[in-house]
Amino acid sequence: MAVTIKSPREIELMRVSGRVLKIALEELSKIIRPGITTKDIDDLAAKVIASYDCIPSFLNYQGFPASICVSINEEVVHGIPSKKRILSEGDIVSLDVGVNYKGYHTDAARTYGVGQISKEAGQLISVTRQAFFVGLEKARAGNHLYDISNAVDAFVSKYGYGIVRDLVGHGIGLEIHEEPQIPHFRQKRRGLRLRQGMTICIEPMINMGYAEVEWLEDKWTVVSEDRSWSAHYENTVLITDGEPELLTR
């Protein structure tokens, strides 16, 4: 699939989708506490998204059995919500949410601390969030795609963390995953030139230890290979003729 340039009408539909996603994340953040199950979080996400006449992008996507992804501690992404998974004091939990409004998708992720978390876990969450914004600075028309990748890598590498390589950012619009793919680690080439009207997801996934990951037996949940904790921060970004626009924030 070629990289698509969105029309003003398509961008407006994605803005609506993004506003709903932002509201969903705000509501979900209010219930993150010890004792809640990941299924509780998923149920609320489904309720909030449906209340705005939208559809969870991930529900039944390639067979995914839930409305959102909820990943705890060493789980990098794609954790399947379950009544058996209960948040505990000191955990960190990553929520990855997609919203479909009239056929147009947005995608965003956040990592939250559960109750009081360690200084090390707090730093991991903070650095991952900052890494997104460092990459965002390069998300401007006329720059190249891998300017984003190299900026994120240069920032994160100072902390000795592992930048996940097997999972990358992506284009988005009529499909939840479109071209181009957006690595968050250093690239030798510059990549395609960014153009006004492109919509992309920048989403660093950062491990406290090594970068390597593996998939669990459920075929969905991705964990750090060394079982170090992982954080995730993502927004859907519109490339403009000036400052990039965050559609999900």
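How far is the sulfur of C54 from the closest cysteine sulfur, and in which residue does that sulfur lie? I looked this up in a predicted model, in which local features need pLDDT of at least 70 and side-chain atom pairs count only at pLDDT 80 or more, while totals for chains, interfaces and linings use all residues. Residues are numbered from 1 along each chain as its sequence is written, and side-chain values use heavy atoms, with hydrogens and water left out.

Entry on cysteines. I found the closest cysteine sulfur to that of C54 in C201, 16 Å away and so too far for a bond. Taking a disulfide as a pair of cysteine sulfur atoms within 2.5 Å, I counted zero disulfides. I noted C54 as buried (under 20% relative accessible area) at 6% relative accessibility, and C69 as buried at 4%.

Entry on cavities. I searched for sets of points on a 1 Å grid over the protein atoms alone where a 1.4 Å probe fits but cannot get out, with lining residues having an atom within 4 Å of a point. I found one cavity of 30 Å³ or more, and the largest cavity holds about 30 Å³ of space, the volume being that filled by probe spheres set on the points. Its lining includes V3, K6, G171 and M198. Among strands (DSSP runs of E, at least two residues), I saw that β8 (178–182) and β9 (199–202) each supply at least two lining residues, and that β8 gives the most, with three.

Technical notes. On a 1 Å grid over the protein atoms alone, a cavity is a set of points where a 1.4 Å probe fits but cannot get out, and a pocket is an open set with protein on both sides within 12 Å along at least five of seven lines; lining residues have an atom within 4 Å of a point. Helices (H or I, at least four residues) and strands (E, at least two) are DSSP runs, numbered from the N terminus. Buried means under 20% relative accessible area, exposed over 50%, partly exposed in between (1.4 Å probe, protein chains only).
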